[in-house]
Amino acid sequence: MNDQEIQAQSSCADEYDASSLSVPEALIRINREVLPLDGHELVAVRASLGRVTAEDVVSPLDVPAHTNSAMDGYACRGEDLPLEGAKTFRLVGASFAGAPFSGSVGADECVRIMTGGVMPAGADTVVMQERVEVEGAHIRFGSGNETGQNVRSAGEDILKGAKVLDKGKWISPAELGLLASLGFGEVKVYRRPRIAFFSTGDELKSIGEALRPGDIYDSNRYTLYGMLTRIGADIVDMGVVPDRRENLQDAFRQASKVADAVITSGGVSVGEADFVKETLSSLGRVNFWKIAMKPGRPLAFGRLGEALFFGLPGNPVSVMVTFYEFVQPALRRLMGMTEVDAMMLRVPCSTRLRKKPGRVEYQRGVLFRGEKGELCVRSTGAQGSGILSSVSQANCFIVLPQDSRGAEAGTVVDVQPFQGLV
């Protein structure tokens with residue numbers, strides 16, 4: 001048989017493969033399969049950081065609870081303020097945060113008040129201390145003040161009975177403070193998803209083992225450990241599984257019994273794809289196993305019993321790209337989050353980007369400030385899927401559409417910042 005008679009299979013080197021799903025279609029298929037977990041639990045507010053609310057949170061009180069001062073100054077009746085010149089008011093007391101004035105403010109009277117201090121009865125205006133003259137108990141106000149200034153009304157921030165957090169909200173430090181300000185000691189959150197993961201490959205060695213010719217250290221499990229830890233999953237590291245049918249089947253069975261999702265790296269490229277599909281089909285089902293993207297075309301998705309399954313490529317960069325673009329949004333949805341999409345910016349690129357049509361490309365880039373302070377992006381250089389250092393040097397993905405032919409320097413491109421993604 002001569003070279004012209006060889007039937008070539010599609011590979012990761014091909015820019016177009018009719019059997020590959022588009023990125024949007026792959027995301028649609030994944031979304032159809034992923035529903036929030038059923039389980040939830042009550043946890044202390046501090047322990048809820050990084051968790052997801054399992055129900056709407058409704059305020060049990062007004063915030064602020066009382067009408068109070070937004071400034072250090074003097075509380076008075078707005079109707080007594082001078083329209084022109086200056087006017088003297090009589091100081092009748094003080095209102096501090098936690099120690100309000102118990103009397104009432106009458107005509108041409110004022111009360112010394114601090115930020116957060118409860119507004120005394122009769123007063124509706126605060127003149128900031130920098131705009132007054134003090135002579136003992138006599139306080140002089142000038143013109144230019146307005147009735148109602150520097151006052152925060154009760155319930156101005158939050159009204160009692162108002163919804164303050166939606167179900168499916170990821171709890172950040174801001175939400176911790178908000179919950180504490182409302183007096184909540186506990187909050188109901190979705191349980192953490194349990195994720196089992198392992199690498200496949202006879203050439204993979206654990207750190208500390210001696211490398212023989214052809215061996216490499218398994219970095220993907222460490223990368224996956226970091227990415228899964230950052231999103232708050234309960235993780236089960238199953239190590240390295242040999243490239244043998246019985247070992248893989250045993251690992252799949254064990255993982256599917258204990259986990260909500262199973263993630264593997266390696267074993268889904270062209271050479272092994274039929275074997276993986278066959279193994280998965282005997283234990284569950286395969287939804288798809290190729291996507292029109294670079295890096296990361298060989299991405300398998302399906303189910304192992306009730307568990308979701310993601311078979312990631314073996315190349316380190318491909319593992320990270322496919323995880324962030326497909327696995328992480330799915331796991332966030334599994335965790336109950338309603339907002340799962342990463343931020344996308346449009347900025348000019350200072351370097352030329354090479355690309356052929358046929359696949360969406362996620363090139364590693366660096367966001368930086370230009371000479372005039374404008375936000376720009378540049379490539380990290382070589383974009384091989386085995387160059388993990390390129391991700392360490394980057395702070396964003398430059399996302400080039402499927403039909404793109406690259407970009408000349410100065411072209412505006414789509415950028416996905418790592419901040420908020422990773």
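User: N150, is that one buried, exposed or partly exposed?
Analyst: In this predicted model, N150 counts as partly exposed, at 21% relative accessibility. The cut-off for buried is under 20%.

User: Where is N150 in the fold?
Analyst: N150 sits in the loop between β9 (138-142) and β10 (151-152). Its phi is positive, about 60°, although N150 is not a glycine.

User: What about D108, what is its phi?
Analyst: D108 has a positive phi of about 60°, and D108 is not a glycine either. The loop that holds D108 runs between β5 (86-95) and β6 (109-113).

User: And how accessible is D108?
Analyst: The relative accessible area of D108 is 31%, so D108 is partly exposed.

User: Switching to prolines. Which peptide bond at P64 is cis?
Analyst: The bond from V63 to P64 is cis, with omega near -5°. P64 lies in the loop between β2 (57-58) and β3 (68-69).

User: What is the omega for K294 to P295?
Analyst: Omega is near -5° there, and the peptide bond from K294 to P295 is cis. P295 belongs to the loop between β19 (293-294) and β20.

User: What holds strands together in general?
Analyst: Strands of a sheet pair through backbone hydrogen bonds, either parallel or antiparallel.

User: Now β24 and β25, parallel or antiparallel?
Analyst: Antiparallel, with five bridges joining β24 (residues 360-369) to β25 (residues 375-379). The bridge partner of R369 in β25 is L375.

User: How many residues lie between them?
Analyst: Five residues lie between β24 and β25, which form a hairpin. In the turn, G373 has a positive phi of about 85°.

User: Last topic, helices. What is the angle between α3 and α6?
Analyst: Helix α3 (residues 220-230) packs with helix α6 (residues 316-334) at an angle of about 30°, and their axes are 11 Å apart. That makes α3 roughly parallel to α6, because angles under 35 degrees count as such.

User: Left-handed or right-handed crossing?
Analyst: α3 passes α6 in a right-handed crossing.

User: Which residues make the contact?
Analyst: On α3 they are N220, T223, L224, M227 and L228. On α6 they are P316, V319, M320, F323, Y324 and L331.

User: How many of those are nonpolar, polar or charged?
Analyst: The contact of α3 with α6 has nine nonpolar residues, two polar and no charged.

Terms used:
Residues numbered from 1 in each chain as written. Predicted model: local features only at pLDDT ≥ 70, side-chain atom pairs only at ≥ 80, totals over all residues. Heavy atoms only, no water. Axes fitted to C-alpha atoms, helices over the stretch in contact; angles between N-to-C directions. Helix = DSSP H or I, 4+ residues; strand = E, 2+ residues; numbered from the N terminus. Parallel < 35°, antiparallel > 145°, perpendicular 65-115°, else oblique. Left-handed = near helix turned anticlockwise from the far one by under 90°. Contact = heavy atoms within 4.5 Å. Nonpolar A, V, L, I, M, F, W, Y, C, P; charged D, E, K, R; others polar. Pairing = 2+ DSSP bridges. Buried < 20%, exposed > 50% of the residue type's maximum accessible area, 1.4 Å probe, protein only.
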